[in-house]
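User: I would like a close look at one part of this model, namely the group of aromatic side chains. Please set out the geometry with the criteria behind each term.

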Amino acid sequence: MSERKYPIDDELEKYKPLVIKLSLGAAVGYSTGYVTRKLVKGATIVAGAGFMILQSLVYAGYIEIFWDKVADDAIKVIDSVKNKVADDAIKVIDSDGDGKITANDIKTYFEKFQTIITSKIPDVSGFYLGFLYGAGLR
């Protein structure tokens, strides 16, 4: 007995390479987005847990934290290094050498990021859709 042929069979065979490329790109993108989401979530949990532990120790009377002093000291440190770090950061981040961080600089770095993250991926559009879904930005 011969296998019955449906009209869609020809179309599926015709678009099979495209579907494979889209599927691979989407799977890799989803995986990358998922890992990114989990790393950010993990860092947030660690920071929150650290704060809760400190506050629990304060509440129990084991340590004393002067949050106003911590904030004042942090502001002093930031102010003392702000100008030097800002100047150095501008030199590093300024990709077009105009002495300012502009939209063109951000665009240049975003394009570099895209080039690195999508290097040799067969279908970038599938990757981006998978990444957004995996990162929970759907």
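In which helix do Y30 and Y34 both lie, and how many residues apart are they?

Analyst: Y30 and Y34 both belong to helix α1, which covers residues 7-60, and they are four residues apart, about one turn of the helix. Helices here are DSSP runs (H or I, at least four residues), strands are E runs of at least two, and both are numbered from the N terminus. In an α-helix there are 3.6 residues a turn, so residues three or four places apart point the same way.

The model is predicted, with local features requiring pLDDT of at least 70 and side-chain atom pairs counted only at pLDDT 80 or more, while totals for chains, interfaces and linings use all residues. Residues are numbered from 1 along each chain as its sequence is written, and side-chain values use heavy atoms, with hydrogens and water left out. The pLDDT is the predictor's confidence in each residue, on a scale from 0 to 100. For this protein the mean pLDDT is 81, and 88% of the residues reach 70 or more. Among its elements, α1 has the highest mean pLDDT (84) and α4 the lowest (79).

The aromatic pairs follow a geometric rule. Rings of Phe, Tyr and Trp (its six-membered ring) pair if their centres lie within 6.5 Å; planes under 30 degrees apart are stacked, over 60 edge-to-face, and the rest tilted. This rule gives a count of three aromatic pairs. One of them is Y30 with Y34: the ring centres are 6.1 Å apart and the planes stand at 20°, so this pair is stacked.

Solvent exposure is classed by relative accessible area: buried is under 20%, exposed over 50%, and partly exposed in between (1.4 Å probe, protein chains only). Y34 is partly exposed at 35%, and Y30 is partly exposed at 32%. Y30 also pairs with Y133: their ring centres are 5.7 Å apart with planes at 35°, so the pair is tilted. Since Y30 lies in α1 and Y133 in helix α4 (residues 124-134), this pair ties together parts that are 103 residues apart in sequence. Y133 has a relative accessibility of 45% and therefore counts as partly exposed. Together, Y30, Y34 and Y133 form one aromatic cluster.

The helix that carries Y133 also has buried residues, which are G126, F127, G130 and G134. Viewed down the axis of α4, these buried residues fall within an arc of 100°, so they line one face of the helix; the arc is that of the directions from the helix axis to the C-beta atoms. Just after α4, G136 adopts a positive phi of about 80°.

The charged end of K112 sits over the ring of Y109, 4.9 Å from the ring centre; the criterion is NZ of Lys or CZ of Arg within 6 Å of the centre and within 35 degrees of the ring normal.

Buried residues make up 9% of its 138 residues. With contact meaning heavy atoms within 4.5 Å, 52% of the contacts between residues at least 6 apart in sequence join residues at least 24 apart.
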